[in-house]
Amino acid sequence: MERLLLTAEEVAEALHIGRTRVYALIAAKEITSVKIGGLRRIPVDAVREYAAHLVQLEREAS
């Protein structure tokens, strides 16, 4: 089965950024996350949407 939710560490690895930056993105509501009990998880689609948003911003800037 395909994974639907990722940890902050997994998102950081996928985006090649630090875990602290992932939590900053969550706090700034730039990337969607959910809580399951005491655990914070990020939907795979939210990571894809965030990356696509960054590409779009880059295109608009050039």
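The legends below describe close-up views of a predicted model.

**Conventions for all views.** Residues are numbered from 1 along each chain as its sequence is written, and side-chain values use heavy atoms, with hydrogens and water left out. In this predicted model, local features need pLDDT of at least 70 and side-chain atom pairs count only at pLDDT 80 or more, while totals for chains, interfaces and linings use all residues.

View 1. The protein chain holds three helices and three strands. These elements are DSSP runs numbered from the N terminus: helices are H or I with at least four residues, strands E with at least two. The C-alpha atoms fill a box of roughly 40 × 25 × 20 Å along the principal axes. Of the 62 residues, 26% are buried. Buried means under 20% relative accessible area, exposed over 50%, and partly exposed in between (1.4 Å probe, protein chains only). Contact means heavy atoms within 4.5 Å. Among contacts between residues at least 6 apart in sequence, 44% join residues at least 24 apart.

**View 2. The largest nonpolar core has 13 residues.** Such a core is a set of buried Ala, Val, Leu, Ile, Met, Phe, Trp, Tyr and Cys residues joined through side-chain atoms within 4.5 Å. Leu6, Val11, Val22, Ile26, Ile31, Ile42 and Val47 have the most contacts inside the core. H1, H2 and H3 each supply at least two of its residues. H3 gives the most, with four. Valine 22 touches Ala8, Val11, Ala12, Ile17, Ile31 and Ile42, not counting residues up to four places away in sequence.

**View 3. Helices H1 and H2 pack at an angle of about 105°.** Their axes are 8 Å apart. Axes are lines fitted to C-alpha atoms, for helices over the stretch in contact, and angles run from 0 to 180 degrees between N-to-C directions. H1 and H2 are therefore roughly perpendicular to each other. Angles under 35 degrees count as roughly parallel, over 145 as roughly antiparallel, 65 to 115 as roughly perpendicular and the rest as oblique. H1 brings Ala8, Glu9, Val11 and Ala12 to the contact, and H2 brings Arg19, Val22 and Tyr23. The contact residues of H1 with H2 divide into five nonpolar, no polar and two charged. Here Ala, Val, Leu, Ile, Met, Phe, Trp, Tyr, Cys and Pro count as nonpolar, Asp, Glu, Lys and Arg as charged, and the others, Gly among them, as polar.

**View 4. Helix H3 covers residues 44-61.** At 1.5 Å a residue, its 18 residues should span 26 Å, and its end C-alpha atoms are 26 Å apart, which agrees. The expected span is 1.5 Å times one less than the number of residues. Val44, Ala46, Val47 and Tyr50 of H3 are buried. Their cover includes strand S1 (5-6), helix H1 (8-15), helix H2 (19-27) and strand S3 (39-43). An α-helix has 3.6 residues a turn, so residues three or four places apart point the same way.

**View 5. Threonine 7 sits in the loop between S1 and H1.** Threonine 7 is buried, with a relative accessible area of 17%. Leaving aside neighbours within four places in sequence, threonine 7 is in contact with Arg41 and Ile42.

**View 6. Histidine 16 and lysine 29 lie in loops.** Histidine 16 is in the loop between H1 and H2. Histidine 16 has a positive phi of about 60° although it is not a glycine. With a relative accessible area of 73%, histidine 16 is exposed. Lysine 29 lies in the loop between H2 and strand S2 (34-36). Lysine 29 also has a positive phi of about 60°, although it is not a glycine. At 74% relative accessibility, lysine 29 counts as exposed.

**View 7. Alanine 27 belongs to helix H2.** At 64% relative accessibility, alanine 27 counts as exposed. Alanine 27 and valine 55 are 28 residues apart along the chain, and their C-alpha atoms are separated by 21 Å.
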